[in-house]
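Visitor: Could you walk me through reading helix packing and salt bridges in a model like this?
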Amino acid sequence: MKRRPRRNHSPAFKAKVALAAIKGDRTIVQLAEHFDVHPNQITAWKSQLEGRASEVFGSGGGASAIPAIDVKSLHAKIGELTLENDFLEGALTRRDC
């Protein structure tokens with residue numbers, strides 16, 4: 001029996017299949033045949049969607065989890081590192097003479 005090459009499904013496809021499974025219009029086997037995916041995979045995607053659906057409606061309405069960047073502290077750090085590099089560069093060039 002020949003194995004099928006591994007496929008990577010997009011998040012949109014996974015959501016579409018999981019939503020179809022949650023609707024319950026068709027059985028898991030029918031969905032598996034329609035979407036050409038293993039029934040166990042559909043069950044796993046369905047449980048993931050059910051388990052993480054609250055994140056969609058959580059605080060911030062799905063805002064990104066990236067923290068705010070403090071630009072002033074970053075500029076201060078860049079200045080500090082520049083001074084250190086200049087000092088070390090000067091010390092090394094004086095030593096080489």
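Guide: We'll take helix packing and then salt bridges. This is a predicted model, where local features need pLDDT of at least 70, side-chain atom pairs count only at pLDDT 80 or more, and totals for chains, interfaces and linings use all residues. Residues are numbered from 1 along each chain as its sequence is written, and side-chain values use heavy atoms, leaving out hydrogens and water.

Visitor: At what angle do the axes of H1 and H3 cross?
Guide: Two packed helices are described by the angle and the distance between their axes. Here H1 (residues 11–23) and H3 (residues 39–52) cross at roughly 90°, with axes that come within 8 Å. That makes H1 roughly perpendicular to H3 (the label covers 65 to 115 degrees).

Visitor: Which residues of H1 and H3 meet?
Guide: Taking contact as heavy atoms within 4.5 Å, the H1 side includes Phe-13, Val-17 and Ile-22, and the H3 side includes Trp-45 and Leu-49. The contact residues divide into nine nonpolar, no polar and three charged.

Visitor: How many salt bridges are there?
Guide: Side chains of opposite charge can pair when their charged atoms come close. The count is three, requiring a Lys or Arg side-chain nitrogen within 4 Å of an Asp or Glu carboxyl oxygen. Arg-7 and Asp-36 pair at 3.3 Å, N to O. Arg-7 sits in the segment before H1 and Asp-36 in the loop between H2 (28–35) and H3, 29 residues apart.

Visitor: And Glu-80 with Lys-77, what separates them along H4?
Guide: About one helical turn, because they are three residues apart in H4 (residues 71–96).

Methods
Axes fitted to C-alpha atoms, helices over the stretch in contact; angles between N-to-C directions. Helix = DSSP H or I, 4+ residues; strand = E, 2+ residues; numbered from the N terminus. Parallel < 35°, antiparallel > 145°, perpendicular 65-115°, else oblique. Nonpolar A, V, L, I, M, F, W, Y, C, P; charged D, E, K, R; others polar.
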